[in-house]
Amino acid sequence: MKKINKMGGINLLMCDFMLAFMWVCSGVLVKILVFNFLGFQHNVTGEIVKLCFSLLNLILFAVLIEFAKGGAYNPLSILGAAISGGFSKFLFTVFARIPAQVLGAIYGVRLLIHTFPEIGRGPKLNVEIHHGALTEGFLTFMIVIISMSLARSIPGSFMRKTWISSFAKLTLHILGSDLTGGCMNPASVMGWAYARGDHITKEHIFVYWLAPIEGTLLAIWIFGLFHKYKEEKSDSKPKTE
């Protein structure tokens, strides 16, 4: 079993904390930039400009993650590797990395609320709990399938794959924004829920933690089956000399 290097582990935790902190702040800062600093109204034009900046924000964080050498701001993006990477890596991810991401989001939200009291209180569930769980689970399932396909099956440069992934994330976020917030990130939602005081409610745990985790695990399982089937089918083809 491969042990985790102590200094490498500390660096990962610091990266996770900072990326989660920066990610939860970035969404609010995009809105402030578009609607306050640039002066756009809350109309179609303003929303289009906000979506453009949100897309650039996603691309920026993809580049930051590439430089962070394993750091992440979303617990779901490291869950698959934790499950397949051995018991020590699983424990380190669940009991160290994910809490670091959650703490980063909580402190990010605290800073936002202290600096910009008018920003609101983050994403909230606007539908029944089962509808919300299905929504977050489905959105997470889709983005994990897309991400794994880009990483393993679809050829192309880093920037090309980043554009595709970022556009897919933004599209799925828009589809779920009126229902659950379209978050697909338990750590970020936890930061806002902790600020509101509803982070231990049944709605929060089922919709924003259990459903995305189940969606992630299902996507990994299905992708693994499909990938294995493709390899077996490829191996079974007669070889021509």
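1. **Ground rules.** This is a predicted model, so to speak: local features need pLDDT of at least 70 and side-chain atom pairs count only at pLDDT 80 or more, while totals for chains, interfaces and linings use all residues. Residues are numbered from 1 along each chain as its sequence is written, and side-chain values use heavy atoms, with hydrogens and water left out.2. **Helix 1 against helix 4.** Helix 1 and helix 4 (residues 87–115) pack at an angle of about 35°, and their axes are 7 Å apart. Helices here are DSSP runs (H or I, at least four residues), numbered from the N terminus. The axes are lines fitted to C-alpha atoms over the stretch in contact, with angles running from 0 to 180 degrees between N-to-C directions. The crossing of helix 1 past helix 4 is right-handed, a label used when the near helix is turned clockwise from the far one by less than a right angle. Sorted by class, this contact holds 17 nonpolar, four polar and two charged residues. For that tally, Ala, Val, Leu, Ile, Met, Phe, Trp, Tyr, Cys and Pro are nonpolar, Asp, Glu, Lys and Arg are charged, and the others, Gly among them, are polar.

2. Have a look at arginine 97 and aspartate 16: they form a salt bridge, with the closest N and O atoms 2.6 Å apart. The cut-off is a side-chain nitrogen of Lys or Arg within 4 Å of a carboxyl oxygen of Asp or Glu. Arginine 97 is in helix 4 and aspartate 16 in helix 1, so the pair ties together parts that are 81 residues apart in sequence. Arginine 97 counts as buried at 7% relative accessibility, and aspartate 16 is buried too, at 0%. Buried means under 20% relative accessible area, exposed means over 50%, and partly exposed is in between (1.4 Å probe, protein chains only).

3. **The other salt bridges.** The whole structure gives three salt bridges. One of them joins lysine 50 and glutamate 47, at 3.4 Å from N to O. Both of these residues lie in helix 2, three residues apart, or about one turn of the helix. Lysine 50 is buried at 17% relative accessible area, whereas glutamate 47 is partly exposed at 30%. Arginine 196 and aspartate 198 also meet in a salt bridge, 3.1 Å from N to O. Here arginine 196 is partly exposed at 24% relative accessibility, and aspartate 198 is partly exposed at 21%.

4. Rings of Phe, Tyr and Trp (its six-membered ring) pair if their centres lie within 6.5 Å; planes under 30 degrees apart are stacked, over 60 edge-to-face, and the rest tilted. The count by this rule is five aromatic pairs. One of them is phenylalanine 17 with phenylalanine 21, stacked at 6.5 Å centre to centre and 20° between the planes. Both sit in helix 1 (residues 6–37), four residues apart, about one turn of the helix. Phenylalanine 17 is partly exposed, with a relative accessible area of 27%. Phe17, Phe21 and Tyr107 make up one aromatic cluster.

5. Phenylalanine 61 and tyrosine 73 pair edge-to-face, at 5.5 Å centre to centre and 75° between the planes. Phenylalanine 61 lies in helix 2 (residues 44–68) and tyrosine 73 in the loop between helix 2 and helix 3 (76–84), so the pair ties together parts that are 12 residues apart in sequence. Phenylalanine 61 and tyrosine 73 are both buried. Lysine 69 lies in that loop as well, but lysine 69 is exposed, with a relative accessible area of 71%.

6. **Backbone spots to check.** Which phi does lysine 69 have? It is near 55°, a positive value in a residue other than glycine. Methionine 184 also has a positive phi near 55°. Methionine 184 is in the loop between helix 6 (158–176) and helix 7 (186–196), and is buried at 8% relative accessible area. Glycine 86, which follows helix 3, has a positive phi near 100°. Within helix 3, the buried residues are Leu76, Ile78, Leu79, Gly80 and Ala82.

Key
Helices (H or I, at least four residues) and strands (E, at least two) are DSSP runs, numbered from the N terminus.
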